[in-house]
Amino acid sequence: MVTKKINAFRSNYRRELKKVLGSEKSGAGITDIYRSSLWYYNDFAFLWDQEVQQDRISSMDNEGEGNNHETSLEDP
């Protein structure tokens with residue numbers, strides 16, 4: 001029962017976070033950015049790292065760049 005409650009809190013936080021991030025990306029003015037009304041929204045800020053997908057560099061991209069660099073050194 002406790003697990004269901006925690007998951008419900010996380011789901012609601014995730015939903016509110018999407019609304020906040022969506023309003024920031026939409027180009028809305030500072031006064032028009034969505035503010036969550038959840039009483040625990042700020043308390044769950046520690047989950048932000050897990051919920052927001054960060055840009056990552058693929059190892060495949062690095063390998064491709066390395067191969068191009070090696071061939072350019074060999075060519076006169």
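A salt bridge is defined here as a side-chain nitrogen of Lys or Arg within 4 Å of a carboxyl oxygen of Asp or Glu. The structure holds 1 such salt bridge. The model is predicted: local features require pLDDT of at least 70, side-chain atom pairs count only at pLDDT 80 or more, and totals for chains, interfaces and linings use all residues. Residues are numbered from 1 along each chain as its sequence is written, and side-chain values use heavy atoms, without hydrogens or water.

Confidence is given as pLDDT, the predictor's score for each residue from 0 to 100. The mean pLDDT of the protein is 77. A value of 70 or more is reached by 67% of its residues. Among the elements, H1 has the highest mean pLDDT (91). Helix H3 (residues 59-74) has the lowest, at 52. Where pLDDT is low, predicted coordinates should not be read in detail. Helices are DSSP runs of H or I with at least four residues, numbered from the N terminus.

The salt bridge joins Glu16 and Lys19, with the closest N and O atoms 3.6 Å apart. Both residues lie in helix H1. They are 3 residues apart, about one turn of the helix. Side chains of opposite charge can pair when their charged atoms come close. Burial follows relative accessible area (buried, under 20%; exposed, over 50%; partly exposed, in between; 1.4 Å probe, protein chains only). Glu16 is buried, at 9%. Lys19 is partly exposed, at 40%.

Glu16 also makes a polar contact of 3.0 Å with the side chain of Ser36, through its own side chain. A polar contact is a pair of N or O atoms within 3.5 Å; within protein, one must be able to donate a hydrogen and the other to accept it, and residues adjacent in sequence count only if both atoms are side-chain atoms. Residues up to four places away in sequence aside, Glu16 touches Tyr34, Ser36, Ser37, Leu38 and Tyr41. Contact means heavy atoms within 4.5 Å.

Ser23 is placed in helix H1 (residues 2-25). Ser23 counts as buried because its relative accessibility is 12%. A polar atom of its side chain lies 2.9 Å from the backbone oxygen of Val20.

Val20 also belongs to the largest nonpolar core. Such a core is a set of buried Ala, Val, Leu, Ile, Met, Phe, Trp, Tyr and Cys residues joined through side-chain atoms within 4.5 Å. The largest has 8 residues: Tyr13, Leu17, Val20, Tyr40, Tyr41, Phe44, Leu47 and Val52. Beyond its neighbours within four places in sequence, Tyr13 contacts Leu38, Tyr41, Phe44, Ala45, Leu47, Trp48 and Glu51.

Key. Helix = DSSP H or I, 4+ residues; strand = E, 2+ residues; numbered from the N terminus.
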